[in-house]
Amino acid sequence: MKNKKLMWLFGSLSVAVICLVTVCAISLCTAAGIIRKNAEAAKNADISDMITLDQDEEPIYFMREHNGKIGIFSEKNKLIETLDVFVVTLPRADRDSLADGITVRGTDNLNALKEDFTE
């Protein structure tokens, strides 16, 4: 009687282990297939697709001194806005950064930097 219970227990445990191993193997094969498919797609990507991705990124702005104040310029070097902050009133590090030009990616980052200079 005890042997039958042990055999049944080990048999059930063996079946459970086999099922678990099978599920893991199937999952790994599926994941490998997805990774391989994505790698092939990336390898075969056309250069125009990559250029399109760059165009979808956030705009780039530049901050630098303009007529004694802080000027905000577009990527095409067009003056967008002038902050009512005189550069000479800023700490030396900020004046040096503005002299070199500060590059800002995205409108949110630009607004945060504007707040830093106007507070």
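Q: Which residue in S2 does Met63 stand opposite?

A: Met63 stands opposite Ile72 in S2. The model is predicted, so local features need pLDDT of at least 70, side-chain atom pairs count only at pLDDT 80 or more, and totals for chains, interfaces and linings use all residues. Residues are numbered from 1 along each chain as its sequence is written, and side-chain values use heavy atoms, leaving out hydrogens and water.

Q: How many bridges join S1 to S2?

A: Five bridges join strand S1 (residues 60–66) to strand S2 (residues 69–73), and the two run antiparallel. Strands (E, at least two residues) and helices (H or I, at least four) are DSSP runs numbered from the N terminus. Two strands pair if DSSP finds at least two bridges between them.

Q: In what order do the four strands of the open sheet come?

A: The order is S3-S2-S1-S4, with antiparallel pairing. Strand S3 (79–86) and strand S4 (102–105) are the edge strands, each pairing on one side only.

Q: Which helix packs on the sheet?

A: Helix H3 (residues 92–100) does, touching S1, S2 and S4.

Q: Turning to Thr107, where is it found?

A: Thr107 is in helix H4 (residues 107–118).

Q: What is Thr107 in contact with, leaving aside neighbours within four places in sequence?

A: Thr107 is in contact with Glu58, Pro59 and Tyr61, where contact means heavy atoms within 4.5 Å.

Methods:
Axes fitted to C-alpha atoms, helices over the stretch in contact; angles between N-to-C directions.
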